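Q: Could you walk me through a few features of this structure, starting with the strands and then turning to the surface?

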Amino acid sequence: MLESLVTEVRSFYSLRELDESIDENVLQYKTILDDYSQWLGSLLRDSEENHGDEEWFKELQNSLKSGGKSKKKASSEWISLKGIMLSAEKRGEAEILFDAIEDINSKIDQLRNVKDSIETLKRSGLGKSTVYIVYIHNGVPEKISIRHDKGDEIAEKFKFAAHISASKKV
């Protein structure tokens with residue numbers, strides 16, 4: 001299980017340290033993804049004989065073949081109990097695994113995007129004596145505040161670099 005809190009603020013004393021933390025999270029997510037994929041595959045193989053002709057089974061297999069891109073219909077097999085959904089069907093178990101796999105794939109993509117941003121920061125030459133205060137939401141860094149001994153000078157450099165970047169996209 002991932003050790004990250006749902007929401008946290010962490011300080012990193014180098015971009016390399018932040019980069020390594022992200023690599024570690026990606027590795028953990030991939031391990032969990034592999035476990036859930038095997039579990040789902042086994043569940044589907046075991047269920048094929050009894051449920052292979054059912055619409056939900058075909059939809060789930062099509063979603064898996066398309067990499068989760070096609071939208072599944074909401075199942076009516078769920079019962080709401082004080083804000084939590086319950087199911088006693090194989091379909092419910094399969095839906096939980098499928099949803100978890102989709103979510104983990106999304107987290108891995110988000111973390112890869114953050115790594116790209118870190119590479120851009122590395123090229124900006126912020127130097128040593130920099131602390132990166134990182135807001136992490138649902139396991140993914142979303143905001144980075146940069147604290148440096150030369151605070152105002154670095155802030156101006158960063159604003160200038162960001163402005164140049166934005167004007168290139170226009």
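**Strands and surface**

A: This is a predicted model, and in it strand β4, which spans residues 130-137, is mostly covered, with 6 of its 8 residues buried.

Q: OK, and how does β1 pair with β4, parallel or antiparallel?

A: Strand β1, residues 7-12, pairs with β4 in the antiparallel sense, and the pairing runs over 6 bridges. Within that pairing, Val 9 has Tyr 135 of β4 as its bridge partner.

Q: What about β4 and β5, over how many bridges do they pair?

A: β4 and strand β5, the latter covering residues 140-148, pair over 8 bridges, again in a sense that is antiparallel. One of the residue pairs is Thr 130 with His 148, the latter being the bridge partner in β5.

Q: And what do β4 and β5 form, and which residue in the turn has a positive phi?

A: They form a hairpin with 2 residues between the strands, and Asn 138 in the turn has a positive phi of about 55°.

Q: Switching to the surface: which residues form the nonpolar patch?

A: The patch consists of Ile 79, Leu 81, Ile 84 and Leu 86, which together have about 380 Å² of accessible area.

Q: Which strands supply at least two residues each of that patch?

A: Those are β2, residues 79-81, and β3, residues 84-86, each of which supplies at least two residues of the nonpolar patch.

Q: Why does Leu 81 count as partly exposed?

A: Leu 81, which is found in strand β2, counts as partly exposed because its relative accessible area is 46%, and that class lies between the cut-offs of under 20% for buried and over 50% for exposed.

Terms used. Residues numbered from 1 in each chain as written. Predicted model: local features only at pLDDT ≥ 70, side-chain atom pairs only at ≥ 80, totals over all residues. Heavy atoms only, no water. Patch = residues over 30% accessible without salt bridge, like charges linked within 9 Å, V, L, I, M, F, W, Y side chains within 5 Å. Areas by Shrake-Rupley, 256 points an atom, 1.4 Å probe, with all protein chains shown as cover. Salt bridge = Lys/Arg side-chain N within 4 Å of Asp/Glu carboxyl O. Helix = DSSP H or I, 4+ residues; strand = E, 2+ residues; numbered from the N terminus. Buried < 20%, exposed > 50% of the residue type's maximum accessible area, 1.4 Å probe, protein only. Pairing = 2+ DSSP bridges.
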